[in-house]
Amino acid sequence: RLTELETVFEYRLVVEPAAARLAAERRTKRTLDRLRRDLNTMNLLAEGSDEDAQPVSRFFSTDIDFHHRIAEASRNPLLVRAVEDARAALFLPVGGIFPTLHPAANYMHAEILDAIDARDADRAAQAMIDHISATQEALVALSRPR
């Protein structure tokens, strides 16, 4: 379903950097606290330091929360809905096929949060682009026959 994935990633590359840009300009302390908590959880799960019996599903759930909170911080309900739609569309072709986390699963989340915290809209947007692009590359690589 690579064609479908490509369409989803094109959409994400338009929508999510815009949400990150606005989040950097409009974020609150509460948003930052929640994003930091999500990032900490993803770090623990990616490192295997969490005792969770379902680390992959919990990581993906927390990743969804992280991206959703960034969209909410944009304070634009249409962007929130667009990010939700993009994440839902991503799940359909990918679903629950990962028995373990990909090494790049947590790539760039900290950079996105740092840029939002610094209120650096350009850096936040670029970090989101880098993150989404790396995720797309990892999924395409995983889909190739060995």
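The model is predicted, so local features need pLDDT of at least 70, side-chain atom pairs count only at pLDDT 80 or more, and totals for chains, interfaces and linings use all residues. Residues are numbered from 1 along each chain as its sequence is written, and side-chain values use heavy atoms, with hydrogens and water left out.

Let's start with helix α2. Helices here are DSSP runs of H or I, at least four residues, numbered from the N terminus. Helix α2 covers residues 29-47, which is 19 residues. The expected span is 1.5 Å times one less than the number of residues. For α2 that gives 27 Å, and its end C-alpha atoms are 27 Å apart, so the two agree.

Which residues of α2 are buried? They are T31, L32, L35, D38, L39, T41, M42 and L45. Buried means under 20% relative accessible area, exposed means over 50%, and partly exposed is in between, with a 1.4 Å probe and protein chains only. The buried residues of α2 pack against α3 (55-73) and α5 (109-117). After α2 comes G48, with a positive phi near 75°.

Now the core. A nonpolar core is a set of buried Ala, Val, Leu, Ile, Met, Phe, Trp, Tyr and Cys residues joined through side-chain atoms within 4.5 Å. The largest one has 28 residues, and I70 and I116 touch the most other members. The elements giving two or more residues to this core are α1 (2-26), α2, α3, α5 and α6 (121-143). Apart from it lies another core of 8 residues, among them V15, A19, L22 and V80.

What does I116 contact, leaving aside neighbours within four places in sequence? The list is A20, A23, A24, R27, L32, I70 and A124. Contact means heavy atoms within 4.5 Å.

Next, salt bridges. The term means a side-chain nitrogen of Lys or Arg within 4 Å of a carboxyl oxygen of Asp or Glu. The whole structure has 9 of them.

Take D38 and R69. Their closest N and O atoms are 2.6 Å apart. D38 is in helix α2 and R69 in helix α3, so this pair ties together parts 31 residues apart in sequence. Both D38 and R69 are buried.

D33 and R36 also form a salt bridge, at 3.7 Å from N to O. They are 3 residues apart in helix α2, so about one helical turn separates them. D33 is partly exposed at 32% relative accessibility. R36 is partly exposed too, at 37%. Both belong to a salt-bridge network that links R27, K29, D33, R36 and D117.

A further salt bridge joins the side chains of D120 and R123, 3.4 Å from N to O.

On to the rings. The structure holds 1 aromatic pair. It is F59 with F60, edge-to-face, 6.2 Å centre to centre and 75° between the planes. Rings of Phe, Tyr and Trp (its six-membered ring) pair if their centres lie within 6.5 Å; planes under 30 degrees apart are stacked, over 60 edge-to-face, the rest tilted. F59 is buried at 1% relative accessibility, whereas F60 is partly exposed at 31%.

Last, two loop residues. Most residues other than glycine have a negative phi. R75 has a positive phi near 60°. R75 lies in the loop between α3 and α4 (77-94) and is exposed, at 55% relative accessibility. R119 has a positive phi of about 60°. R119 sits in the loop between α5 and α6 and is partly exposed, at 43%.
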